[in-house]
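Notebook open, model loaded. I list what I looked up, entry by entry.

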Amino acid sequence: MTTVFAKKVLLASGWEDDVRLSVRDGRIAAIETAADASAEDIEVGFVIPGLCNAHSHAFQRALAGHTEQRSPAGRDNFWTWRERMYALAGSVDADALTAIARQVYSEMLTSGYTTVAEFHYLHRDPLNPDDVDTMFAAISKAASESGIRLTYVPVHYERAGFDKPLPDKHQRSFAQTIDEFLAHHARALASAGPTTKVGIGAHSLRAVSAESLQTIARIAESGPTPMHLHIAEQQAEVDQCLAAYGRRPVEWLLENFELRGNWCLVHATHINSEEIAALAATNAVVALCPSTEANLGDGLFPLHEYLKQDGRIAIGSDSHVSINPFEELRWLEYGQRLVTQTRNVASLRDSHVGSELFLRALDGGAAACGQANGRIEVGAAADFVVLSDEDPMFTGHDDDTRLDALVFSGFPLPVERVMVNGRWCVVDATHVQRDTARKAYAEAVARIGATA
Ligand SMILES: [Zn+2]
């Protein structure tokens with residue numbers, strides 16, 4: 001039994017003072033409010049639930065900062081970035097993936113994410129391409145060693161485009177037949193445990209046939225299992241989908257599938273008013289990744305219109321150009337302010353934008369990851385983020401504005417400790433295996449030449 005005494009805890013009902021949290025077997029066994037600290041308690045400042053990182057490609061951490069120089073042709077966009085990403089993908093073997101993922105998961109924990117949905121299509125280890133389980137094992141090992149809660153989302157990838165039924169040469173390390181993919185998914189399911197859940201996914205409408213998508217969706221439905229796919233990230237994908245299916249991507253998806261709360265649509269950047277209304281009316285979650293969407297020049301999701309209709313959102317760090325959930329929330333709002341020339345755009349249920357975005361991301365993130373977390377309550381997973389109450393970020397703030405300070409101050413994060421499933425992963429603002437993870441990461445990047 002671990003007991004934590006906090007000056008303030010953000011419970012489902014709001015902030016409470018002087019709270020003792022008792023943790024047993026990875027779960028919250030008891031919550032006492034207006035309590036007194038006792039000698040055995042770990043005394044901390046503010047405690048909030050951990051956020052789910054709803055969209056991650058761990059291997060892309062090694063590419064961050066390496067694609068920011070203008071090419072001679074001067075036409076840099078998502079598709080030219082993708083060529084660089086393919087070059088990296090082709091060089092990452094299972095040992096390198098373990099090291100890169102452990103580093104990025106350690107960084108996620110240090111910044112306040114406690115769960116990650118790993119959207120994994122890098123199925124073939126270049127050193128052992130016939131075994132499509134070793135790369136998953138690398139992800140699983142990295143999650144377990146870092147301590148982060150994992151939703152493993154094996155992702156099907158089978159073709160180069162709507163009119164290209166086979167993968168191109170860069171995509172062969174991703175590609176499987178649908179039968180190979182389903183067999184991999186079934187084997188991965190056996191790994192599920194207290195901190196690992198297995199979802200299922202399709203890369204995108206362009207990379208997976210309609211028939212295969214139906215098969216995958218049926219498996220997701222039977223779970224229910226988190227069901228993820230990229231959609232409408234780029235205008236070119238919208239144009240190709242219109243040409244192939246006669247419908248826009250989200251429009252086509254809604255016509256052909258019954259979307260429920262286990263569906264997670266990643267990006268959904270290019271959607272029109274009809275699609276926004278129809279999508280918001282389902283219980284599906286849209287995973288927004290503002291720092292990556294900005295970095296890749298994707299476009300801007302119509303957040304205000306979507307939230308007005310009570311659409312659900314989660315956040316993700318995607319390519320890991322930023323690993324800071326509060327920065328993702330800040331840029332969700334800032335993108336809207338910049339284009340509308342107004343302020344406090346995302347504030348629809350709560351007059352405080354920071355708390356509203358945080359609470360929406362907690363709810364949507366837990367749904368996207370299919371994990372029972374995101375709330376501090378008896379019986380829930382013991383996943384906490386401890387914030388320093390002495391950090392100047394919070395000076396002069398109260399229960400109404402504390403989360404606004406966290407989202408909008410933008411100073412170094414005041415994350416002191418992080419617990420996942422009852423285990424402290426971050427202590428004194430440092431991941432407990434930080435130095436080991438950094439050393440292995442540096443060695444892996446040097447060995448595979450990830451920056452070339
Ligand atoms: Zn992605």
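Entry 1: I traced an open sheet of eight strands, in the order 3-2-1-4-14-15-16-17, with mixed pairing. Strands here are DSSP runs of E of at least two residues, helices are runs of H or I of at least four, and both are numbered from the N terminus. I took two strands as paired if DSSP finds at least two bridges between them. Strand 3 and strand 17 (430-431) are the edge strands, each pairing on one side only.

The model is predicted: local features need pLDDT of at least 70, side-chain atom pairs count only at pLDDT 80 or more, and totals for chains, interfaces and linings use all residues. Residues are numbered from 1 along each chain as its sequence is written.

**Entry 2: pairs within the sheet.** I checked strand 14 (residues 384-387) against strand 15 and found an antiparallel pair with four bridges. Phe384 stands opposite Met419 of strand 15. Next I took strand 2 (residues 14-24) and strand 3 (residues 27-32), which are antiparallel and share five bridges. Here Leu21 faces Ile31 in strand 3.

**Entry 3: the hairpin turn.** Two residues lie between strand 2 and strand 3 in their hairpin. Asp25 sits in that loop. Its phi is near 55 degrees, positive in a residue other than glycine. I noted this because most residues other than glycine have a negative phi. Asp25 has 10 other C-beta atoms within 10 Å, so it counts as exposed. My cut-offs use C-beta atoms placed from the backbone: buried means 20 or more others within 10 Å, exposed 12 or fewer, and partly exposed in between.

**Entry 4: Asp18.** Asp18 belongs to strand 2. It counts as partly exposed because it has 15 C-beta neighbours inside 10 Å. What does Asp18 contact beyond its neighbours within four places in sequence? I found Lys7, Thr33, Ala34 and Ala35. Contact means that the C-beta atoms of two residues, placed from the backbone, lie within 7 Å. The C-alpha atoms of Asp18 and Ala34 are 4.9 Å apart, though 16 residues separate the two along the chain.

Entry 5: The contact draws 23 residues from domain 1 and 24 residues from domain 2. On the side of domain 1 that touches domain 2, helix 13 (402-408), strand 15 (415-420) and strand 16 (423-427) each supply at least two residues. Helix 13 gives the most, with five residues. By class, that side of domain 1 has 12 nonpolar, six polar and five charged residues. Nonpolar covers Ala, Val, Leu, Ile, Met, Phe, Trp, Tyr, Cys and Pro; charged covers Asp, Glu, Lys and Arg; the others, Gly among them, are polar.

**Entry 6: strand 7.** I counted eight of the eight residues of strand 7 as buried. Arg149, Thr151, Val153 and Val155 point one way, and Leu150, Tyr152, Pro154 and His156 the other. Strand 6 (residues 113-120) runs parallel to strand 7, joined by six bridges. Val116 stands opposite Leu150 of strand 7.

**Entry 7: helix 5.** Which residues of helix 5 are buried? They are Leu213, Ile216, Ala217 and Ala220. Seen down the helix axis, these buried residues fall within an arc of 100 degrees, so they line one face of helix 5. I took the arc from the directions from the helix axis to the C-beta atoms. Strand 7 (149-156), strand 9 (200-202) and strand 10 (227-231) are among the elements covering them. On the other side of helix 5, Glu211, Gln214, Arg218 and Ser222 are exposed.

I also checked the length. The 13 residues of helix 5 (residues 210-222) should span 18 Å at 1.5 Å a residue, and the end C-alpha atoms are 19 Å apart, which agrees. The expected span is 1.5 Å times one less than the number of residues.

Entry 8: Pro224 lies in the loop between helix 5 and strand 10. The peptide bond from Gly223 to Pro224 is cis, with omega near -10 degrees. Further along, Ala232 lies in the loop between strand 10 and helix 6 (235-245). Ala232 has a positive phi of about 50 degrees, although it is not a glycine. With 27 other C-beta atoms within 10 Å, Ala232 is buried.
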